[in-house]
Amino acid sequence: MVQITGCEPEMSRELIEELERERRRNFIDRLKHVDWEVEQILKDHRKWFEIQAEWSKKYYEALYRQMDKDPKLKKIIIENILRGDQSGEKHITFK
Amino acid sequence: MIYGIVYCVTMIRITNTIEYDETRRIIKVRKEKLTMEDTIALAFSRILEKENVRYAIVAGYVSLLFGRSRRSDDVDFIIENISLGKFASLCEKLFKAGFKFLHSNEKTLETVRMAYHSLEKGDRIRFTFGEYPIPNVEMKFATTRLDKISIEESMMIHVNEDVLRISPLELQIAYKLYLGSEKDVEDARFLYKLFKNILDGEKLSKWCRLLDVNLKCLES
């Protein structure tokens with residue numbers, strides 16, 4: 001079991017440093033993923049577009065099925081978007 | 001004797017579906033299947049083109065259009081400031097094509113007038129296409145200098161037989177770096193790496209300088 005002991009300000013600084021390192025590593029991995037995407041696109045963009053369109057279609061079909069099943073969901077999404085617009089923030093749905 | 005201008009068109013192949021017409025600064029994209037975001041962006045642009053409303057697409061959809069593997073809830077359009085009369089006529093065409101306001105099911109002149117006043121104040125309005133709220137079109141008038149430059153210097157994209165106009169890639173990359181969220185930096189890197197060979201280096205450096213961002217995170 002990990003013990004979180006020691007002087008509190010010091011511990012806080014160390015924990016934050018750990019989190020920041022982890023976040024930085026994740027971000028670098030995501031940037032590498034972008035490079036991989038571009039590599040695949042340069043190899044065969046036609047195929048890539050096909051996969052992208054198929055994935056988009058499946059995503060929206062599933063989402064729309066949910067909305068049809070539960071009309072409240074559609075209402076919540078609309079309210080969420082409009083609330084986000086009023087507060088000047090971007091809305092978050094199902095990214 | 002007949003005099004004519006002969007254009008020498010230089011086409012640069014970027015991928016097996018994208019070509020760049022260097023002379024006219026047009027990117028030509030062939031897509032056999034469209035994403036939902038493509039469908040709504042093309043339907044909206046078609047009407048703006050027909051109504052002679054100047055515009056530019058900005059933000060996330062610019063990278064999605066070229067294959068970035070994420071999705072977006074909206075396609076962001078900046079349009080030139082138009083009169084209420086022209087806006088009403090635009091709305092009429094949009095309604096006919098299947099668009100409606102996200103905030104209201106009504107298509108009355110009163111609702112159109114309210115939407116126009118929101119745009120005039122600098123707010124954004126949204127249009128949905130069909131019966132579902134996402135993806136939707138987020139539209140605003142050009143209010144900032146960068147908005148206006150995005151429209152004035154927009155790049156024309158031919159998608160199959162249709163036309164889209166996007167904010168210049170150089171500006172988009174610098175702007176995304178300026179926004180600075182992880183998602184934005186990823187998008188910037190995607191555009192930079194994909195279009196590296198056709199970007200105008202001077203323009204990109206200029207925008208980076210003006211927005212006080214650096215290209216280091218795109219190169220490494």
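In which loop of chain B is D212(B) found? In this predicted model, D212(B) sits in the loop that runs between α8 (201–210) and α9 (216–219) of chain B.

A second residue of chain B with a positive phi is R25(B), where the angle is about 55° although the residue is not a glycine. R25(B) is placed in the loop between β2 (18–21) and β3 (26–29) of chain B. Because its relative accessibility is 22%, R25(B) counts as partly exposed.

Another backbone feature of chain B concerns the peptide bond that joins I134(B) and P135(B), which is cis, with omega at about 0°. The proline of this pair, P135(B), belongs to the loop between β7 (125–129) and β8 (136–141) of chain B.

The axes of helix α1 (residues 8–43) of chain A and helix α7 (residues 182–195) of chain B come within 10 Å and cross at roughly 30°. Since angles under 35 degrees count as roughly parallel, α1(A) and α7(B) are therefore described as roughly parallel to each other, and their crossing is right-handed. On the side of α1(A), the contact is made by R23(A), F27(A), R30(A), L31(A), V34(A), D35(A), E37(A), V38(A), I41(A) and L42(A), while α7(B) contributes E182(B), K183(B), V185(B), E186(B), R189(B), F190(B), K193(B) and L194(B). Sorted by class, the contact of α1(A) with α7(B) holds nine nonpolar and nine charged residues, and no polar ones.

Within chain A, a further pair is formed by helix α2 (residues 45–69) and helix α3 (residues 71–87), whose axes come within 4 Å and cross at roughly 110°. This angle falls in the range of 65 to 115 degrees, which means that α2(A) is roughly perpendicular to α3(A). The residues that meet are Q66(A), M67(A), D68(A) and K69(A) in α2(A) and P71(A), L73(A), K74(A) and I77(A) in α3(A). By class, the contact of α2(A) with α3(A) consists of four nonpolar residues, one polar residue and three charged residues.

Definitions and conventions
Residues numbered from 1 in each chain as written. Chains lettered and ligands numbered in written order. Predicted model: local features only at pLDDT ≥ 70, side-chain atom pairs only at ≥ 80, totals over all residues. Heavy atoms only, no water. Axes fitted to C-alpha atoms, helices over the stretch in contact; angles between N-to-C directions. Helix = DSSP H or I, 4+ residues; strand = E, 2+ residues; numbered from the N terminus. Parallel < 35°, antiparallel > 145°, perpendicular 65-115°, else oblique. Left-handed = near helix turned anticlockwise from the far one by under 90°. Contact = heavy atoms within 4.5 Å. Nonpolar A, V, L, I, M, F, W, Y, C, P; charged D, E, K, R; others polar. Buried < 20%, exposed > 50% of the residue type's maximum accessible area, 1.4 Å probe, protein only.
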